[in-house]
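Here's a quick tour for anyone meeting this structure for the first time. Take a look at it below, then read on.

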Amino acid sequence: MKIARIVLALILLVVALAPEVTRYRAERELRRLTSVAMLAASGRLPMPTAGALLSDVSRKLEQLAQSMPGDSRPRIYAGSAALVLQDRERAVALYLDALECGERGETVVNLGRALASMEDSRAEPLFVRAVWVSPGLIDSVPEAYRERVRREIVRRSTSAAVAEPPRLPVLPLQDAVHD
């Protein structure tokens, strides 16, 4: 009887921890892929090698996102790798995927950076929204936009009629730009 209880307890423990093992593996893979991406983007590797590595990492991060539902990080990192590779439309699609997991300032500012690289006018309102929510992100806003973003935040902060962040602009449909 005692052995049966021990076996039952072990079975329950395994069943309870099985989802956590999958999540733990995904977290470890995310950490590994992020480190590889940072190395590739550091400038310490020859460009052809770095480009191939970033492309591979971006695809793997996108695959990893499937095993991490609700977690925007693999999508954000994959989008950033795509943006470094000048694959702007894919970066936009990945940042939109990340926004579906919940709005975070870094997602909004990165989406703005991708749109700014495409000379899309929706970039500036995204920068204003991101910095409104998280003022520390001002350093992540491209220099060409910083002063206008600061002025818009001051204007919105001092005007009683608009003391709120700007709404997210209408963004492209994901299916239209996502591989």
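Is glutamate 62 buried or exposed? Glutamate 62 is buried, with a relative accessible area of 15% (buried means under 20%, exposed over 50%, partly exposed in between, using a 1.4 Å probe and protein chains only).

## Before we start

This is a predicted model, where local features need pLDDT of at least 70 and side-chain atom pairs count only at pLDDT 80 or more, while totals for chains, interfaces and linings use all residues. Residues are numbered from 1 along each chain as its sequence is written, and side-chain values use heavy atoms, with hydrogens and water left out.

## Salt bridges

A salt bridge here is a side-chain nitrogen of Lys or Arg within 4 Å of a carboxyl oxygen of Asp or Glu. By that rule, the count is 14. Back to glutamate 62: its partner is arginine 90, with the closest N and O atoms 2.8 Å apart. Arginine 90 sits in helix H4 (residues 88-100) and glutamate 62 in helix H2 (residues 47-66), so this pair ties together parts 28 residues apart in sequence. (Helices are DSSP runs of H or I, at least four residues, and strands are E runs of at least two, numbered from the N terminus.) Arginine 90 is buried too, at 3% relative accessible area.

Another pair joins arginine 129 and glutamate 103, whose closest N and O atoms are 2.6 Å apart. Arginine 129 is in helix H6 and glutamate 103 in the loop between H4 and H5, 26 residues away. Arginine 129 counts as buried at 16%, whereas glutamate 103 is partly exposed at 39%. There's also a network of salt bridges linking Glu27, Asp71 and Arg73.

## Helices H5 and H6

The axes of H5 (residues 105-117) and H6 (residues 123-133) come within 8 Å and cross at roughly 160° (axes are lines fitted to C-alpha atoms, for helices over the stretch in contact, with angles from 0 to 180 degrees between N-to-C directions). That makes the two helices roughly antiparallel, the label for angles over 145 degrees.

Leaving out residues up to four places away in sequence, threonine 107 touches Ile76, Tyr95, Ala98 and Leu99.

Conventions:
Angles under 35 degrees count as roughly parallel, over 145 as roughly antiparallel, 65 to 115 as roughly perpendicular and the rest as oblique. Contact means heavy atoms within 4.5 Å.
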